[in-house]
Amino acid sequence: MPKKLTARPLRDDEVHFDVWGCRGSRNLLPRRSSIGNHTSCYSVTTATDAFVFDAGRGLAAFGHALMTEPRFSTVRRVHVLITHAHMDHWEGLKDADWFWRRGNGLEVRLYGTAEAIGGIRAGYAHPLYVPLDLLAMGTVARLEYVTISAEEKRTIGSFSLRTSPLNHYSGSGDNRRFLDTAGFRLAVRKGPTVAYLSDHEPHAGTAETERKLITGAHLAVYDSHFPDIKQQMHGHGSQEHASNVARAHPGVLVLAGHHAPSLSDQDIRATWRRHGKGAPNFQLAIEGRTYAFDRARGAFSLLAG
Ligand SMILES: [Zn+2]
Ligand SMILES: [Zn+2]
């Protein structure tokens, strides 16, 4: 049975991984799923820093938790890593508590490709909304945009980040438009490594990129929009592919995310049972779940949810 979350700040040697939004493309409102209702958002948190993978509507849940849960009370820096320009991966930014609470002292950095950062700035520009720079005045201590490339390595404090380009596009046939999409591999110094590959449609030509991102990682989130490989389209992957990855990398806890909004909980769980046979390290991403890194085992364990 998962333990309850502790009512104290994370210690220096503790790392949590949380699922805040695991629904693909659109939100399910009103809430109608016990798996995921909100668009993409996941976090890796230490005592001082939070790294967020994508800023979908799940970011509203994370932003609130960051301000209210004791385990996050010593976090001072938030690094939001945005994979690509699609709105379902940044629509949650305006709902983050840190843009609405005066003098909260957080340092917030948004990382994305030039295309993604340009899309976000345009999406929040007057008169579509209020520019994030304006929301940042008098609330956060700092808001910074950091343009990254889809293929690079950089050090951020005691973390190292590697990006690799994912295969993601909208439409099909003549309407197919590719997006400059970055997959992430985040390593916590003297701690776990977490990989994030979404949105992504895998094929034989992407195997090497995927291998670079996930080999030796402790946890990896995979775009598993569709049940089966043969259904893969529109730049999205499948539970079948993610489960194959889990079988090939038994040391990596592979979480299937970006669940298609057309699928019921029953469909998603039935697919997971079908493809998860013989892969105990293949699990569904489920909102509200918290995993803690267990240093003795060198693996993430489910803590709550
Ligand atoms: Zn998406
Ligand atoms: Zn997308």
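Residues are numbered from 1 along each chain as its sequence is written, and chains are lettered from A and ligands numbered from 1 in the order in which they are written. Since the model is predicted, local features need pLDDT of at least 70 and side-chain atom pairs count only at pLDDT 80 or more, whereas totals for chains, interfaces and linings use all residues.

**Overall form**

The chain contains 6 helices and 17 strands. Helices (H or I, at least four residues) and strands (E, at least two) are DSSP runs, numbered from the N terminus. The radius of gyration, taken over C-alpha atoms, is compared with a globule rule of 2.2 Å times the number of residues to the power 0.38. For 305 residues a compact globule would come near 19 Å, and the 18 Å of the chain agrees with this. Along the principal axes, the C-alpha atoms fill a box of roughly 50 × 50 × 40 Å.

Of the 305 residues, 49% are buried. A residue is buried if 20 or more other C-beta atoms lie within 10 Å of its own, exposed if 12 or fewer, and partly exposed in between, with C-beta atoms placed from the backbone. Two residues are in contact if their C-beta atoms, placed from the backbone, lie within 7 Å. Among contacts between residues at least 6 apart in sequence, 68% join residues at least 24 apart.

E2 (41-45) and E3 (49-53) form a hairpin with 3 residues between them. The two strands run antiparallel and are joined by 4 bridges; Val44 has Phe51 of E3 as its bridge partner. Strands count as paired if DSSP finds at least two bridges between them. E3 also runs parallel to strand E4 (residues 77-81), with 5 bridges, and Asp49 stands opposite Arg77 in E4. From E3 the chain crosses through H1 to E4, a right-handed β-α-β crossover. Right-handed means that, with the strands pointing away from the viewer, the path from the first strand over the helix to the second runs clockwise.

Because 4 of its 5 residues are buried, E3 is largely enclosed by the rest of the structure. In helix H1 (residues 58-68) the buried residues are Gly58, Leu59, Ala60, Ala61, Phe62, Gly63 and Leu66. Their cover includes E1, E2 and E3.

**The nonpolar core**

A nonpolar core is a set of buried Ala, Val, Leu, Ile, Met, Phe, Trp, Tyr and Cys residues joined through C-beta atoms within 7 Å. The largest one has 77 residues, of which Val52, Leu219, Ala220 and Val254 touch the most other members. H1 gives the most to this core, with 5 residues. Beyond its neighbours within four places in sequence, Leu219 is in contact with residues including Phe17, Pro192, Val252 and Phe300.

Val15, in the segment before strand E1 (16-21), is buried, with 22 other C-beta atoms within 10 Å. By contrast, Thr155 in strand E7 (residues 152-156) counts as exposed, with 10 C-beta neighbours inside 10 Å.

**Helix H6**

Helix H6 (residues 265-275) has Ile268, Thr271, Trp272 and His275 buried. Seen down the axis, these buried residues fall within an arc of 100°, so they line one face of the helix; the arc is that of the directions from the helix axis to the C-beta atoms. The face turned away from the buried side carries the exposed residues Gln266 and Arg273. Among the elements covering the buried residues of H6 are helix H5 (239-248), strand E14 (253-257) and strand E15 (282-284).

**Backbone exceptions**

Most residues other than glycine have a negative phi, and most peptide bonds are trans. The table lists exceptions to this.

| Site | Feature | Value |
|---|---|---|
| Leu29 to Pro30 | cis peptide bond | omega near 0° |
| His126 to Pro127 | cis peptide bond | omega about 5° |
| Lys190 | positive phi | near 55° |
| His258 | positive phi | about 50° |

Pro30 lies in the loop between E1 and E2, and Pro127 in the loop between helix H2 (114-124) and helix H3 (132-136). Lys190 belongs to the loop between strand E11 (182-188) and strand E12 (193-197) and counts as exposed, with 10 C-beta neighbours inside 10 Å. His258, in the loop between E14 and H6, counts as buried, with 30 C-beta neighbours inside 10 Å.
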